Amino acid sequence: MVDLKSQYEKIKPEIDSAINEVISSTAFINGPAVKGFQVALENYLGVKHVIPCANGTDALQISMMALGLKPGDEVIAPSFTFIATAEVIALLGLTPVLVDVEPGTFNISIDSVIKAITPRTKAIVPVHLFGQTADMDAIIETARKYKLFVIEDSCQSIGSDYQDCDGKWKKSGTIGDVGCTSFFPSKNLGCFGDGGAIFTNDDALAAKIRVIVNHGMTVRYYHDEIGVNSRLDSIQAAVLKVKLNHLDRYIHARQQLAAAYNAAFQGHSEIIVPEQFNKSTHVFHQYTLQIKGSKRNQLQEYLASKDIPAMIYYPVPIHLQKAYLDPRYKQGDFPVTEQLINTVISLPMHTEMDEEQIAYITSNVLSFFKEM
Ligand SMILES: *Cc1c(COP(=O)(O)O)cnc(C)c1O
């Protein structure tokens, strides 16, 4: 699905020297590399504050803590997402209120959001799934109307550009009250272990987040609130600062690969290619097809027999996950999500694919439909 080794080898001297610098300095925690990456990312995103942390899941949890969400508060999130989005809501004793997604973009459905709002609703978590920013104009408008916070889960969409209703281009994750990202190795901007960050333009919120990530500590050994220990290691920050310089090139490579896939599959009677949302660029964290009918699993097995990995993101929606079963939800509640779990399939997507590999993958997908 990804080729991190070839990607590393192409920038090895830069990466190795950045890592070695941290090792020689022994400033492993909160060293200058962390601040250096933070500032570089603030500039790239055009956002006032980036607060690095230990992973994307923590970024979501810390954002909800910083916004002062309290047990019993309802937080709206899509059912078609990675578990982390709902997990932190549940862990904090908040009430996850799940909603359906749009059939073309797989992103949160604003109609479902509006229907789910109650007097206890405090926040919406749009997930910019697979690398495309959700309809933030509609989300922000709804949030303003009902006085809700917007926490963007941009773990899959770093670098995606969104054009708002005023024609202004903004980076994914910098549009709501707070944005969260992950630097997990296979993410579009991945480090060599775990990492994450929180973005905001709100000075007071940023100050609060900085306290929470550091044990709720304002002055050393004086703890004004309950916090967590969530830091980005200096070595990871050094790797990320180097890779950030290549991010736009990496995104371009992903978009080129998606265009090649689209060219091969567009118009096929049994395949639906990913929909391009007109307000957002797509950074293709995943390239996800929908297979009409019921041949999706057979296609996955066929590709596996040709040594082509293809993955189902996600096979089970949150509302049908064992740990999240809740009398409020039952099978059939989210028809789009429940259809997608049976039809989606993600093809290998990364920055190092050559033409021969692309041709091998596309021709095998097409021959499956000829043979089956
Ligand atoms: C990866 C991911 C996360 C969690 O990030 P980690 O760094 O693995 O904790 C959260 N939400 C989404 C949508 C993700 O893809």
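Gln132 touches Thr105, Asn107, Ser160, Glu275, Gln276, Phe277, Ser280, Thr281 and His282, leaving out residues up to four places away in sequence; contact here means heavy atoms within 4.5 Å. You'll find Gln132 in the loop between strand E4 (121–124) and helix H7 (136–146). Helices (H or I, at least four residues) and strands (E, at least two) are DSSP runs, numbered from the N terminus. Gln132 is buried, with a relative accessible area of 2%. Buried means under 20% relative accessible area, exposed over 50%, and partly exposed in between (1.4 Å probe, protein chains only). Its side chain also reaches the backbone oxygen of Glu275 at 3.2 Å.

A quick word on the model. It is predicted, so local features need pLDDT of at least 70 and side-chain atom pairs count only at pLDDT 80 or more, while totals for chains, interfaces and linings use all residues. Residues are numbered from 1 along each chain as its sequence is written, and side-chain values use heavy atoms, with hydrogens and water left out.

Gln61 sits in helix H4 (residues 56–66) and is buried, at 18% relative accessible area. Setting aside neighbours within four places in sequence, Gln61 is in contact with Val88, Leu91, Leu92 and Val228. Gln298, in helix H11, is partly exposed at 39%. With neighbours within four places in sequence again set aside, Gln298 is in contact with Phe368 and Met372.

Now for the ligand. The residues around it are Asn55, Gly56, Thr57, Phe82, Ala84, Val127, Asp153, Cys155, Gln156, Ser182 and Lys187, each with a heavy atom within 4 Å of the ligand.

| Ligand atom | Residue and part | Distance |
|---|---|---|
| oxygen | Gly56, polar backbone atom | 2.8 Å |
| oxygen | Thr57, side-chain N or O atom | 2.5 Å |
| nitrogen | Asp153, side-chain N or O atom | 2.8 Å |

Ser182, one of the residues around the ligand, belongs to strand E8 (residues 178–182), where five of five residues are buried. Both faces of E8 are covered, with Val178, Cys180 and Ser182 on one side and Gly179 and Thr181 on the other. E8 pairs in the parallel sense with strand E5 (residues 149–153) over three bridges; pairing takes at least two DSSP bridges between two strands. In that pairing, Ile151 stands opposite Val178. Strand E9 (residues 196–200) runs antiparallel to E8, joined by four bridges, and Ser182 stands opposite Gly196 there.

Finally, the nonpolar cores: sets of buried Ala, Val, Leu, Ile, Met, Phe, Trp, Tyr and Cys residues joined through side-chain atoms within 4.5 Å. The largest has 36 residues, and Phe80, Tyr261, Phe265, Tyr287, Leu289, Leu347 and Val365 have the most contacts inside it. Which helix gives the most to this core? That's H13, with five residues. The core draws at least three residues from each of domain 1 (4–244) and domain 2 (247–371), with bounds from an automatic or database domain assignment. Another core lies apart from it, with 30 residues, including Phe37, Tyr44, Ile158 and Val283.

Notes
Polar contact = N/O pair within 3.5 Å; in protein donor to acceptor, adjacent residues only side chain to side chain.
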